[in-house]
Amino acid sequence: MGLTSTLRHAMTVRATFKATLVALALTLPAQAQNDKMTPIAIPAQPAAIELGTGPLPDAKVPESWHSQYGSLFARNVTVATLTPFLPDPAKATGAAVVVAPGGGFRTLSMSNEGWDVAKALADKGVAAFVLKYRLNQTPADMQAFEQSMREMFSGAARPARPKPDDMIAAIAPQIADARAAFALIRRRAAEWRVDPDRIGMVGFSAGAMLTMATAVAGQDAKPAFIGNIYGPLAAMTVPADAPPLFVGLAADDPLFGNTGFGLIENWRAAKRPVEFHLFEQGGHGFGMYQKETTSTGWFDAFTRWIAMHGYLKPKG
């Protein structure tokens, strides 16, 4: 189905999540480096809309949140939601973007890779929608969660690499959430001043994996353009109607910085539009953090790319 290489990373993300945490400690702003996982009350989300994909099957641990690295994270999400961030009607372009935060399918970086991205897009006249997709279950207690992570990274708990069909099935709930997000936006397109044919998607790390999966296996989702921000770049079969692709990655990313650029090569070979920014430094998880590395410029580059494709002005 062309998704094998990309989804293989989704299934093996547990084996590399520890490197993500190390990279974050090395590359986040200095004032955030010593932050610990601190449980917090679930923040009010009055604008969040349930997507109707149902509770995660067999999920018994309720949703919880914590702060870390100056950002807010959700865990044990069992019911998917979509939160709109709409631009001032006077500057609305009609374009929209579904924003998929990352977190190894175990957490979601809701601030740095979700709300902050959506607010910045809305300021550019683009309607943005933060997808809080369902997650793999983790222990409810924070200490138990941290212990489970340590045990998982010991090596003994790493699962065997599954067959391709199993890989696709592994993130089937998340793909369903993404499809439901696109369907909801199109149903309410007139209300939200969105052109149903100009809805893109951008994701970070695991969210980038979900973005790629949505583009090639999301059936009716059909994003108009996609952004893969520090996600895997493994080779894959590119559909003939693949959307324009923007990629942002730091060369010192410990997860994907040295795994090759097959995805870029495949997109070019298929003669589909692709733009690739390889930043010298930035590590993994830089998101909207303001840093001295050029990786901080990914958002400006992404919005310039959107503009180049005509999405920062109303459709003529």
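**Figure 1. Three bridges join strand 1 to strand 3 (residues 64-68) in an antiparallel arrangement.** The model shown here and in the views that follow is predicted. Within this pair, P39 stands opposite H66 of strand 3. Both strands belong to an open sheet of four strands, ordered 1-3-4-7 and paired in antiparallel fashion. Strand 1 (38-40) and strand 7 (107-109) form the edges; each has a single partner strand, so one side of each lacks a neighbour in the sheet. On average, and with direction ignored, neighbouring strands of this sheet are turned by 35 degrees against each other.

**Figure 2. The place of T83 is in strand 5 (residues 81-85).** T83 has a relative accessibility of 11% and therefore counts as buried, the cut-off for burial being under 20%. Leaving aside residues up to four places away in sequence, T83 touches A47 and A48 as well as A128, F129 and V130.

**Figure 3. The largest nonpolar core of the model comprises 83 residues.** L121, L131 and W298 have the most contacts inside this core. Helix 7 (residues 206-217) supplies the largest share, with eight residues. In soluble globular proteins, nonpolar side chains tend to be buried together. The surroundings of L121 include V97, V99, V126 and A128, together with F299, F302, T303 and I306, when residues up to four places away in sequence are not counted.

**Figure 4. Helix 9 (residues 298-308) has buried residues at W298, F299, A301, F302, T303, W305 and I306.** These buried residues pack against helix 2 (111-123). They also pack against four strands, namely strand 9 (199-204), strand 10 (226-229), strand 11 (245-250) and strand 12 (274-279). Among the buried residues of helix 9, F299, F302, T303 and I306 are touched by L121. G310 follows helix 9 and has a positive phi, near 90 degrees.

**Figure 5. Helix 5 (residues 172-187) and helix 7 cross at roughly 70 degrees, their axes coming within 10 Å.** The two helices are therefore roughly perpendicular to each other. Helix 5 contributes Q174, I175, A178 and F182 to the contact, where they meet L210, A213, T214 and A217 of helix 7. By class, this contact has six nonpolar residues, two polar residues and no charged residues.

Conventions: Residues are numbered from 1 along each chain as its sequence is written. This is a predicted model: local features need pLDDT of at least 70, side-chain atom pairs count only at pLDDT 80 or more; totals for chains, interfaces and linings use all residues. Side-chain values use heavy atoms; hydrogens and water are left out. Two strands pair if DSSP finds at least two bridges between them. Axes are lines fitted to C-alpha atoms, for helices over the stretch in contact, and angles run from 0 to 180 degrees between N-to-C directions. A nonpolar core is a set of buried Ala, Val, Leu, Ile, Met, Phe, Trp, Tyr and Cys residues joined through side-chain atoms within 4.5 Å. Buried means under 20% relative accessible area, exposed over 50%, partly exposed in between (1.4 Å probe, protein chains only). Contact means heavy atoms within 4.5 Å. Angles under 35 degrees count as roughly parallel, over 145 as roughly antiparallel, 65 to 115 as roughly perpendicular and the rest as oblique. Ala, Val, Leu, Ile, Met, Phe, Trp, Tyr, Cys and Pro count as nonpolar, Asp, Glu, Lys and Arg as charged, and the others, Gly among them, as polar.
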